[in-house]
Amino acid sequence: MSAARGPELTRIDGTPVRVLVVYDEVNIAELLRMALRYEGWDVEVAHTGTKAVAAARKFDPDAIVLDMMLPDFDGMEVLRKLRADADDVPVLFLTARDAVEDRVAGLTAGGDDYVTKPFALEEVVARLRALMRRAGAQQTADHSVLAVGDLILDEDSHDVSRAGSPISLTATEFELLRYLMRNPKRVLSKAQILDRVWNYDFGGQANVVELYISYLRKKVDAGREPMIHTMRGAGYVLKPVEG
């Protein structure tokens with residue numbers, strides 16, 4: 001861990017990226033945790049496959065470091081379970097197996113990269129950085145333009161367009177859309193939206209969120225495949241149009 005830290009990576013909303021470490025040896029898991037926290041990342045650790053699956057559902061990681069050999073079931077089975085819930089999260093395998101067929105099997109099953117043991121912490125960090133950059137994590141100096149599908153928002157100029165057509169928004173509509181676009185495919189509750197967009201609790205006036213969502217829909221989704229969806233009892237989610 002003596003190497004200098006690289007440029008800080010963040011989620012698209014500016015918060016630290018999240019990494020789940022799945023390793024049964026407590027001492028090594030702790031070393032990995034320390035190395036990744038040194039990068040400024042949020043880290044959770046699980047020592048079994050069962051706990052890894054539960055942790056992934058709760059923690060919503062941006063990347064997973066996954067040991068192939070676990071006490072309850074192997075990394076391949078953990079990966080299958082993880083992919084059933086989140087098929088796009090990057091997974092870095094740690095494996096003592098150096099046979100080519102084992103590496104290929106892991107990658108074919110949905111792993112994104114692997115590091116063989118014994119490994120250097122710096123290599124694990126470097127591989128994770130590469131995986132998360134490809135998956136959309138932002139370097140702190142470069143996240144002024146948000147893009148979800150064909151919807152583009154420039155945080156500096158406040159220009160917004162969809163499929164190349166400009167969209168004119170009020171200041172509040174812009175802040176609401178920016179919050180949705182910083183959290184694509186994530187269901188956001190009315191309370192979360194009120195807190196982040198209006199900065200205080202409206203109490204019984206949560207219908208202001210419904211009102212502004214309707215304004216946004218008329219401008220962003222009008223005459224197009226909808227991107228803004230209502231999840232009954234849960235909130236709202238912005239998703240790119242499939243296909």
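Predicted model: local features only at pLDDT ≥ 70, side-chain atom pairs only at ≥ 80, totals over all residues.
At 1.5 Å a residue, the 12 residues of α6 should span 16 Å, and the end C-alpha atoms lie 16 Å apart, so expectation and model agree.

**Burial in α6**

Next I asked which residues of α6 are buried. I found Glu173, Phe174, Leu176, Leu177, Arg178, Tyr179, Leu180 and Met181.

**Strand β9**

I moved to β9, residues 151-154. Leu151 and Leu153 make up its covered face. Ile152 and Asp154 make up the uncovered one.

I looked at the pairing on either side. With β8 (residues 145-148), β9 pairs in the antiparallel sense over 4 bridges. I noted valine 145 bridged to aspartate 154. With β10 (residues 160-162), β9 is again antiparallel, over 3 bridges. Here I noted isoleucine 152 bridged to serine 161.

**The two turns**

I checked the hairpins for positive phi. The β8 and β9 hairpin has 2 residues between its strands, and glycine 149 takes a positive phi near 60°. The β9 and β10 hairpin has 5 residues between its strands. In that turn, histidine 158 has a positive phi of about 65°.

**Glutamate 155**

I stopped at glutamate 155, in the loop between β9 and β10. Is glutamate 155 buried or exposed? I read a relative accessible area of 9%; the cut-off for buried is under 20%, so glutamate 155 is buried. I then looked for a side-chain partner. Arginine 182 provides one, through a polar contact of 2.5 Å between the two side chains.

**The core**

Last, I turned to the nonpolar cores. The largest has 29 residues. Which of its residues touch the most other members? I found Leu151, Leu177 and Ile193. The elements giving two or more residues to this core are β8, β9, α6 (171-182), α7 (190-198), α8 (207-221) and β13 (235-238). I also logged a second, separate core of 24 residues, which includes Val21, Val45, Val65 and Val115.

I listed the contacts of leucine 151, leaving aside neighbours within four places in sequence. They are Leu146, Val160, Ser161, Arg162, Ile167, Leu177, Met181, Val220, Met227 and Leu238. Two entries in that list, Leu177 and Met181, are among the buried residues of α6. Leucine 151 itself sits on the covered face of β9.

Key: Residues numbered from 1 in each chain as written. Heavy atoms only, no water. Buried < 20%, exposed > 50% of the residue type's maximum accessible area, 1.4 Å probe, protein only. Pairing = 2+ DSSP bridges. Core = buried A, V, L, I, M, F, W, Y, C linked by side-chain atoms within 4.5 Å. Contact = heavy atoms within 4.5 Å. Polar contact = N/O pair within 3.5 Å; in protein donor to acceptor, adjacent residues only side chain to side chain. Expected span 1.5 Å × (residues − 1).
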